[in-house]
Amino acid sequence: MTGVQTCALPIFRDLPEVKAFASGEYIFRKGEQGSAMYMVIEGDIELVVGRLVVETAHPGAFIGEMALIDDAPRSASARAKGEVRVFPIDEARFQGLVKDTPSFALDVMKALALRLRRTNEKIASRHAAPVRRRAAAPAAPAKRKTRRTR
């Protein structure tokens, strides 16, 4: 997944809130209640559902944003693929960014739309069965009119 807001990386890179994770460490797990989303500052993060890696987030990408939007438990786990640094964005900061920087809200929506499109493509490619043309069914024989005799 490409970073939607890579131009903002320098702004967040050296803030004290940045968190580091070692390879294999989880940023969050599926089913947890989310209190923050994250911007990937350095490294790659695998988004995992069950045993399947459904997406890899790269620097500049947002992860975990759905928890702040719909207040539902996490739908996937996020696991560091190597050394990773992320910038957490809690709900108060998220609301402030949306209010003060409308382009931030658009970036989050673009990230969600891109992820949904990629997921749809993966589903379609895995479940696409070849379309077989059916031969036209033979026409039913015409009913014969029978003459009634009296």
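Select D71 to begin: with a relative accessibility of 58%, D71 counts as exposed, where exposed means over 50% relative accessible area, buried under 20%, and partly exposed in between (1.4 Å probe, protein chains only). D71 lies in the loop between α2 and β6; helices (H or I, at least four residues) and strands (E, at least two) are DSSP runs, numbered from the N terminus. Although D71 is not a glycine, its phi is positive, at about 55 degrees.

The model is predicted, so local features need pLDDT of at least 70 and side-chain atom pairs count only at pLDDT 80 or more, whereas totals for chains, interfaces and linings use all residues. Residues are numbered from 1 along each chain as its sequence is written, and side-chain values use heavy atoms, with hydrogens and water left out.

**The whole chain**

Next, display the entire chain and colour it by secondary structure. Four helices and six strands make up its secondary structure, and along the sequence they follow the pattern α-β-β-β-β-β-α-β-α-α. Of the 150 residues in the chain, 33% are buried. Its accessible surface comes to about 10,400 Å², and carbon and sulfur atoms account for 54% of that; accessible areas come from the Shrake-Rupley method with a 1.4 Å probe, and for residues only the protein chains shown count as cover. Among contacts (heavy atoms within 4.5 Å) between residues at least 6 apart in sequence, 77% join residues at least 24 apart.

**The nonpolar cores**

Now select I27, Y38, I45, I63 and A78. These residues have the most contacts inside the largest nonpolar core, which has 15 residues; a nonpolar core is a set of buried Ala, Val, Leu, Ile, Met, Phe, Trp, Tyr and Cys residues joined through side-chain atoms within 4.5 Å. At least two residues of this core come from each of β2 (26–28), β3 (36–49) and β6 (77–90). The most is given by β3, with five residues.

Which residues does I27 touch, leaving aside its neighbours within four places in sequence? They are F21, Y38, I45, A78, R79 and A80. For a second, separate core, select M39, L68, I89 and F94, which are included among its 14 residues.

Move to I41, found in strand β3. Is I41 buried or exposed? It counts as buried, because its relative accessibility is 2%.

Then select I69, in helix α2. With a relative accessible area of 47%, I69 is partly exposed. Beyond its neighbours within four places in sequence, I69 is in contact with F94, V108 and L112. I69 and F94 are 25 residues apart in sequence, and their C-alpha atoms are 9.6 Å apart in space.

**Helix α3**

Q95 is the next stop, in helix α3 (residues 91–100). Q95 counts as partly exposed, at 43% relative accessibility. Draw a distance from its C-alpha atom to that of A105, which is 10 residues away along the chain: the separation is 9.3 Å.

**The largest pocket**

Finally, select V49, V54, S75, A76 and R115. Of the 24 residues that line the largest pocket, these are the closest to its centre. The pocket holds about 440 Å³ of space. On a 1 Å grid over the protein atoms alone, a pocket is an open set of points with protein on both sides within 12 Å along at least five of seven lines, and lining residues have an atom within 4 Å of a point. Grid points are joined across faces, edges and corners, and a volume is the space filled by probe spheres set on the points.

Two or more lining residues come from each of β3, β4 (52–57), α2 (66–70) and α4 (102–127). The largest share, six residues, is supplied by α4. Colouring the lining by residue type gives 13 nonpolar, four polar and seven charged residues; here Ala, Val, Leu, Ile, Met, Phe, Trp, Tyr, Cys and Pro count as nonpolar, Asp, Glu, Lys and Arg as charged, and the others, Gly among them, as polar.

Definitions and conventions. On a 1 Å grid over the protein atoms alone, a cavity is a set of points where a 1.4 Å probe fits but cannot get out, and a pocket is an open set with protein on both sides within 12 Å along at least five of seven lines; lining residues have an atom within 4 Å of a point.
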